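This report describes the sheet, the nonpolar cores and some surface features of one protein model.

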Amino acid sequence: MSVPTPLDVGQAHPRLRELTVVDVRTPGEFASGHLPDAVNVPLDRLVRSLPELRRAAERRPLLVVCASGARSENAVATLTAQGIAASSLTGGTQAWAAEGHGLQYPDGSRKRAVWAMERQVRFTAGVTVLLGLALGLLLHPSLALLSAAIGGGLVFSALTNNCGMAVVLGRLPFNRQGAGGRA
């Protein structure tokens with residue numbers, strides 16, 4: 001049975017038992033609530049998990065999920081390029097929860113939520129820009145180049161659709177705790 005790309009919550013919910021749900025958020029984000037029976041394959045580990053995902057896709061269609069749908073679209077593009085059919089959940093877990101559908105937690109109890117990666121990147125970029133400006137005003141004008149570097153990195157990220165800051169943040173301990181299962 002083929003699965004159209006992408007699926008919205010209304011299309012995915014009634015078919016959830018027929019799909020293998022792959023959550024590409026960090027383990028910390030996954031632990032803060034995920035779709036029922038989802039497996040966690042963080043985006044930075046997707047390529048290493050291709051054999052498992054190929055086998056899972058042979059059993060049932062893949063539904064790829066993240067917080068908002070952006071990372072899952074990237075994952076679907078990667079999987080499709082490798083000949084693995086998959087769909088993305090439009091709006092991600094945020095849309096799922098907004099529609100009133102429950103989330104699962106690894107130990108059955110709700111844990112402190114880890115910010116979505118996009119939010120972590122915005123916060124880190126903003127703090128770094130402000131820090132660069134403050135240091136440039138207080139210590140030495142050349143330290144304002146830190147702000148310019150972050151601005152350049154954000155432009156590069158938008159043009160290439162890859163975010164180095166997200167990769168670095170994804171390796172922090174609070175983003176690595178509570179890893180889920182595999183496909």
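## Basis of the description

The structure is a predicted model, in which local features need pLDDT of at least 70 and side-chain atom pairs count only at pLDDT 80 or more, while totals for chains, interfaces and linings use all residues. Residues are numbered from 1 along each chain as its sequence is written, and side-chain values use heavy atoms, with hydrogens and water left out.

## The parallel sheet

Four strands form an open sheet in the order 2-1-3-4, with parallel pairing; strands (E, at least two residues) and helices (H or I, at least four) are DSSP runs numbered from the N terminus, and two strands pair if DSSP finds at least two bridges between them. Strand 2 (39-40) and strand 4 (86-88) are the edge strands, each pairing on one side only.

Strand 1 is joined to strand 3 by four bridges, and Val21 has Leu63 in strand 3 as its bridge partner. Two bridges join strand 1 to strand 2, where Asp23 stands opposite Asn40. Strand 3 (residues 62-65) also pairs with strand 4 over three bridges, and here Leu63 stands opposite Ser87. From strand 1 (residues 20-23), Thr20 and Val22 point one way and Val21 and Asp23 the other, and all are buried, that is, under 20% relative accessible area with a 1.4 Å probe and protein chains only.

## Two nonpolar cores

A nonpolar core is a set of buried Ala, Val, Leu, Ile, Met, Phe, Trp, Tyr and Cys residues joined through side-chain atoms within 4.5 Å. The largest has 16 residues, of which Val22, Val24, Leu46, Leu53, Leu62, Val64 and Leu79 touch the most other members. Helix 3 (50-59), strand 3 and helix 4 (70-81) are the elements that give two or more residues to this core. Apart from it lies another core of 13 residues, including Leu16, Val21, Phe30 and Val65.

Leaving aside neighbours within four places in sequence, Val22 is in contact with residues including Val39, Leu53, Leu62 and Val64, where contact means heavy atoms within 4.5 Å.

## Ala95 in helix 5

Ala95 lies in helix 5 (residues 92-98). Beyond its neighbours within four places in sequence, Ala95 is in contact with Val9 and Thr90. Ala95 and Ala67 are 28 residues apart in sequence and 8.4 Å apart in space, C-alpha to C-alpha.

## Exposed Leu137

Leu137 lies in helix 6 (residues 117-138). Leu137 is exposed (over 50% relative accessible area), with a relative accessible area of 76%.
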